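Student: Could we go through this structure together? I'd like to start with one residue and see what lies around it.
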Amino acid sequence: MAQMILKGKEMIRINPSTKTKIEYSTNDGRSWILRYNSNNCGDFNDLTDNGKEILGMTSKGLYYSTNEGRSWIKRS
């Protein structure tokens, strides 16, 4: 797993200083735009591109997103 993944034409990463934030870049990482910011999932540790979804390992368990990280659902 990784702190940053490539998904289509976007780079998606865990914010390096605030682990509850997910950001994306469309210009090879020159600038980053906030996509998700909430304490609901806890701190993100790792991201994985699993095809139709992104998996996020967090301090509160395993979460998945089917919309490029805009929202997250706990995997039971």
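Tutor: Keeping in mind that this is a predicted model, we can begin with lysine 7, which, leaving aside its neighbours within four places in sequence, is in contact with Ile12, Asp49, Gly51, Lys52, Glu53, Ile54 and Glu68.

Student: Okay, and is lysine 7 buried or exposed?
Tutor: Lysine 7 counts as buried, because its relative accessibility is 15% and buried means under 20%.

Student: Which residue does lysine 7 form a salt bridge with?
Tutor: Its partner is aspartate 49, and the closest N and O atoms of the two are 2.9 Å apart. Since lysine 7 lies in strand β1 and aspartate 49 in strand β5 (residues 44–49), the pair ties together parts that are 42 residues apart in sequence.

Student: And how accessible is aspartate 49?
Tutor: Aspartate 49 has a relative accessibility of 35%, so it counts as partly exposed.

Student: Switching topic, how many salt bridges are in the whole structure?
Tutor: A search of the whole structure gives five. One of them joins the side chains of arginine 35 and glutamate 10, at 2.8 Å from N to O. That pair links distant parts of the chain, with arginine 35 in strand β4 (residues 33–37) and glutamate 10 in strand β2 (residues 10–14), 25 residues apart.

Student: What about the burial of arginine 35 and glutamate 10?
Tutor: Arginine 35 is buried, at a relative accessible area of 13%, and glutamate 10 is buried as well, at 15%.

Student: Which residue does arginine 70 pair with?
Tutor: Arginine 70 forms a salt bridge with glutamate 68, the closest N and O atoms being 2.9 Å apart. Arginine 70 counts as partly exposed at 44% relative accessibility, and glutamate 68 is partly exposed with a relative accessible area of 31%.

Notes: Residues are numbered from 1 along each chain as its sequence is written. This is a predicted model: local features need pLDDT of at least 70, side-chain atom pairs count only at pLDDT 80 or more; totals for chains, interfaces and linings use all residues. Side-chain values use heavy atoms; hydrogens and water are left out. Buried means under 20% relative accessible area, exposed over 50%, partly exposed in between (1.4 Å probe, protein chains only). Contact means heavy atoms within 4.5 Å. A salt bridge is a side-chain nitrogen of Lys or Arg within 4 Å of a carboxyl oxygen of Asp or Glu. Helices (H or I, at least four residues) and strands (E, at least two) are DSSP runs, numbered from the N terminus.
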